[in-house]
Amino acid sequence: MQRRHFLRQAMHTTAAATALGIPGVHLHAATAVASTGAPKFLFVFLRGGMDAASLLVPTSSSFYYEVRPEIAIAKPSADLASALPLSADWGLHPALRESLYPLYQQGELAFVPFSGTDDLSRSHFETQDSIELGQLNNGSIQYGSGFLNRLATQLQGPKPAAPMAFTDQLPIAMQGGLRVPNTSLRNLSKPSVDTRQSSIIAAMYKGTGLEGTVQSGFAVRDQVMREMSAEMDAASRGAITAKGFELEARRIARLMREQYALGFVDVGGWDTHVAQGGATGYLASRLDELGQGLAAFSQEMGSAWRNTVVVVMSEFGRTFRQNGNRGTDHGHGSVMWVLGGAVRGKQVVGEQVQMTAATLFQNRDYAVLNEYRSVLGGIFQRQWGLSDSQLKTIFPGFKGARDWGLV
């Protein structure tokens, strides 16, 4: 596939963006073509608070099985509903047997349990914002400045790393001084303006300062729609089922493979207060969908996969004990997934403790022993050779990178 040279001009006014009527494509600045041999990073944000203890099962903890009598994942055994063995202390949810477990065995997937932020609110919105801002909660927060925007700013140079948010709205993580484009790939099969309307709009701006921007915007829409139309037809009219998410992940991979070095995508549906399920059920289905999508992303990246790191995390974990509705409530510590061809996987790393009643945070949750900024800082340092001063710009109040040989 030849590299596509679109998204070169910015949308300078909200009125122009509205007039264009380009579904899901929002141009905020000029972006550069990313070399397929350069480092690539995708941040996958699971909104809703994913249950870390179901994904990464603490199989050596008898306490886990005592406090989750109906939703615990069984220790590894010949039973296909049991956890997949990772180490003496940890197992993986069986829903990921066919998708991500092979990546773990190949050394391209690792986990960092007891991870998270210093935010203690247990509010979805406050903690999501806190993570995306990437700043210490010390009263001097600079709103509208996300950590991925600051990362992209540090990577501008002779060969700038082109960022893209694969979302309907520009997420906080990508907001800031550097203008970043965003595009939702879910609704590209439903253009809001047809060819005739496009010609009328183009004529309106002909001879004005926005003529080039308008033409560039339509070129973006046409290029992306041609690229994705076949997959959209197979996606059950765009519904985000397991297959739908897989197709979306493949689209993201194609764009990142040829065009972008930094990406952001978010996936909802992780707030499991009621009927969470165990080896099967609601959460298992969500994990299966996500796993299939991530596996598809790795396949579609092709040779660029060897330079790629994907980090998956949620705003917080959930209570270690199940509640009265066979679900779990908002927690604190969680788990970060780190996968990619550039990852030294097949390991569960970071500071850890044996899970007992005595080691629970506030008598209910995983503790945060591995601050997420330190984990990401170690990854960014390895990927791009960033200095400590650069990392402190990306993460104000940064206390130092933690490496653990992940990259």
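Asp-365 and Arg-122 form a salt bridge whose closest N and O atoms are 2.4 Å apart, where a salt bridge is a side-chain nitrogen of Lys or Arg within 4 Å of a carboxyl oxygen of Asp or Glu. This pair links distant parts of the chain, 243 residues apart: Asp-365 is in the loop between strand S12 (347-348) and strand S13 (370-371), and Arg-122 is in the loop between strand S6 (109-116) and H5. Both Asp-365 and Arg-122 are buried, a word used here for under 20% relative accessible area, with exposed meaning over 50% and partly exposed in between (1.4 Å probe, protein chains only).

## The model as a whole

This is a predicted model, in which local features need pLDDT of at least 70 and side-chain atom pairs count only at pLDDT 80 or more, while totals for chains, interfaces and linings use all residues. Residues are numbered from 1 along each chain as its sequence is written, and side-chain values use heavy atoms, with hydrogens and water left out.

The protein chain has 12 helices and 13 strands, which are DSSP runs numbered from the N terminus (helices H or I, at least four residues; strands E, at least two). Of its 407 residues, 57% count as buried.

## Helix H6

In helix H6 (residues 147-154), 6 of the 8 residues are buried, so the helix is largely enclosed by the rest of the structure. These buried residues are Phe-147, Leu-148, Asn-149, Arg-150, Leu-151 and Ala-152, and the elements they pack against include strand S2 (40-46), helix H5 (124-133) and helix H11 (372-384).

## Two further salt bridges

A search of the whole structure finds 14 salt bridges, and one of them joins Glu-300 to Arg-250, with the closest N and O atoms 2.8 Å apart. Glu-300 lies in helix H10 and Arg-250 in helix H9, so the pair ties together parts that are 50 residues apart in sequence. Glu-300 is buried at a relative accessible area of 13%, and Arg-250 is buried at 19%. Leaving out residues up to four places away in sequence, Arg-250 touches Ala-296, Gln-299 and Glu-300, where contact means heavy atoms within 4.5 Å.

Arg-318 forms a salt bridge with Asp-271, the closest N and O atoms being 3.0 Å apart. Here Arg-318 is in the loop between strand S10 (308-314) and strand S11 (334-339), whereas Asp-271 is in the loop between S9 and H10, 47 residues apart. Arg-318 is buried, with a relative accessible area of 1%, but Asp-271 is partly exposed, with 34%.
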